[in-house]
Amino acid sequence: MRTVTVGLGDRAYPIHIGEGLLARAELFLPHLPHRRISVVTNTTVASLYLEKFSAMLRGAGVEIVPVVLPDGEEHKNWQTLNSIFDALLSNRCERKSTIIALGGGVVGDLAGFAAASYQRGVPLIQVPTTLLAQVDSSVGGKTAINHPMGKNMIGAFYQPRMVLADTAMLDTLPTREFAAGLAEVIKYGLIMDLPFLGWLEANMDNLNRREPAALAYAVTRSCENKAAVVAADERESGERALLNLGHTFGHAIEAGLGFGTWLHGEAVAAGTVLAARLSERAGLLTASDVQRIARLFVRAGLPVEAPSLGQDRYLELMGHDKKVENGRLRLVLLKSLGKAFMTSDFDLRDLREVLGGAAAHA
């Protein structure tokens with residue numbers, strides 16, 4: 001087991017990474033102030049892990065209230081969130097009743113937002129079951145639901161007590177879901193960790209084969225990068241926004257196509273290539289840099305051409321982005337490989353050309 005600490009003073013918490021951790025009750029018990037807890041999961045994950053996980057905790061004297069949600073990004077909404085509250089209230093869960101999020105990013109966001117809101121805050125543990133959730137969404141305390149006009153527009157910052165990433169759970173991921181997680185792994189190399197980007201290029205075949213040592217390193221290094229950023233900028237007032245490379249474009253793709261049509265990581269991959277092309281037009285990246293980025297995403301099994309939504313529709317959807325400030329769209333671009341920055345100082349004509357190119361390529 002490897003442990004990465006998110007350094008937030010008296011709210012610091014561990015990220016435990018390793019194989020077989022889901023079966024280790026001793027990792028959970030110190031974070032359960034009340035022996036009656038709720039496990040929030042979805043239908044897919046429940047069929048694989050809920051019974052065994054619940055039996056392990058019951059064996060340690062913990063009473064379980066299971067909450068099983070429908071699977072899919074399209075269910076990340078008020079109605080599903082309210083169904084969690086219904087279950088918590090019906091079962092008389094208390095302020096010290098921990099919520100454990102057992103699932104991917106959608107489950108983590110819904111359960112996290114429920115934990116932030118129920119009785120004004122109850123303890124939360126994240127147990128991410130997808131690669132994307134293990135390297136990104138479970139770490140850092142962002143919780144949210146979607147709105148028809150924008151992704152993750154309603155939510156709260158709420159840190160967990162612990163994150164437990166059992167890499168053995170990645171063996172059950174469908175190929176498409178696994179590839180979607182690689183988009184967020186690649187992101188860390190592009191924005192802040194050039195040596196890691198080189199490592200990914202050398203080891204992408206091993207990752208695609210889900211070779212345990214390669215997976216463990218990729219998850220650990222990604223979590224180390226994110227933990228450092230979150231510790232420096234918990235509420236995204238500056239540096240943390242750089243983690244959104246490709247996301248402004250990607251969220252527009254998800255909303256424009258209908259949530260759930262493209263996976264989040266797929267939209268981020270295509271959105272990152274759009275951001276790279278805009279960086280090239282600004283004279284920051286070379287054409288070979290952009291090709292290098294696209295080539296790595298392709299090797300990971302991800303799309304690099306954005307769908308055709310039309311320039312005006314893209315701009316409309318991007319205008320709902322949380323990074324908009326004083327009515328001005330701000331984008332994360334690349335100064336070079338391994339170094340990102342946020343700016344509103346870009347040429348709108350260049351942006352339109354890039355978006356027009358997306359339509360042409362799709």
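Select Arg210 and Phe178. Arg210 lies over the face of Phe178, at 4.4 Å from the ring centre. The criterion for a charge over a ring is NZ of Lys or CZ of Arg within 6 Å of the ring centre and within 35 degrees of the ring normal. This is a predicted model, where local features need pLDDT of at least 70, side-chain atom pairs count only at pLDDT 80 or more, and totals for chains, interfaces and linings use all residues. Residues are numbered from 1 along each chain as its sequence is written, and side-chain values use heavy atoms, with hydrogens and water left out.

Stay on Arg210. Its place is the loop between α7 and α8. Helices here are DSSP runs (H or I, at least four residues), numbered from the N terminus. Is Arg210 buried or exposed? Arg210 counts as buried, at 16% relative accessibility. The cut-offs are under 20% relative accessible area for buried, over 50% for exposed, and partly exposed in between, with a 1.4 Å probe and protein chains only. Check the backbone too: phi of Arg210 is positive, near 60°, in a residue other than glycine.

Select Lys187 and Tyr188. The charged end of Lys187 sits over the Tyr188 ring, 4.8 Å from the ring centre.

**Helix α7**

Select residues 194-208, which make up helix α7. How far apart are the end C-alpha atoms of α7? They are 20 Å apart, which agrees with the 21 Å that its 15 residues should span at 1.5 Å a residue. The expected span is 1.5 Å times one less than the number of residues. Centre on Ala202. There α7 bends by about 60°. That bend is the angle between axes fitted to the seven residues ending at a residue and the seven starting there.

Show the side chains next. The buried residues of α7 are Phe196, Leu197, Leu200, Asn203, Met204 and Leu207. Which helices do the buried residues of α7 pack against? They pack against α6 (175-192), α8 and α11 (287-299). Contact means heavy atoms within 4.5 Å.

**Ring pairs**

Colour the aromatic rings. The structure holds 5 aromatic pairs. Rings of Phe, Tyr and Trp (its six-membered ring) pair if their centres lie within 6.5 Å; planes under 30 degrees apart count as stacked, over 60 as edge-to-face and the rest as tilted.

Zoom to Trp78 and Phe113. This pair is tilted, at 6.4 Å centre to centre and 45° between the planes. Trp78 lies in helix α3 (residues 78-90) and Phe113 in helix α4 (residues 105-117), so the pair ties together parts that are 35 residues apart in sequence. Trp78 is partly exposed, at 47% relative accessible area, whereas Phe113 is buried, at 7%.

Go to Phe196 and Tyr217. Their ring centres are 6.1 Å apart and their planes are at 65°, so the pair is edge-to-face. Phe196 belongs to α7 and Tyr217 to helix α8 (residues 212-232), so this pair ties together parts that are 21 residues apart in sequence. Phe196 is buried, with a relative accessible area of 1%. Tyr217 is partly exposed, at 32%.

**Helix α10**

Select residues 264-281. The 18 residues of helix α10 should span 26 Å at 1.5 Å a residue, and the end C-alpha atoms are 26 Å apart, which agrees. How many of the 18 residues of α10 are buried? The count is 16, and the helix is mostly covered. Just after α10, Gly283 takes a positive phi of about 80°.

Pick Ser279, in helix α10. Ser279 is buried, at 0% relative accessibility. Leaving aside neighbours within four places in sequence, Ser279 is in contact with Leu284, Leu285, Leu333 and Leu334.

**Last picks**

Select Phe249, in helix α9. Phe249 is buried, with a relative accessible area of 1%. Not counting residues up to four places away in sequence, Phe249 touches Gly271, Leu274, Ala275, Tyr314, Met318, Leu331, Leu351 and Leu355.

Step back to Glu236, in the loop between α8 and α9 (247-257). Glu236 has a positive phi of about 60° although it is not a glycine.

Finish with the cysteines. A search of the whole structure finds 0 disulfides, with the cut-off set at cysteine sulfur atoms within 2.5 Å. Cys93 is buried, at 4% relative accessible area. Cys223 counts as buried too, at 0%.

Key
Helices (H or I, at least four residues) and strands (E, at least two) are DSSP runs, numbered from the N terminus.
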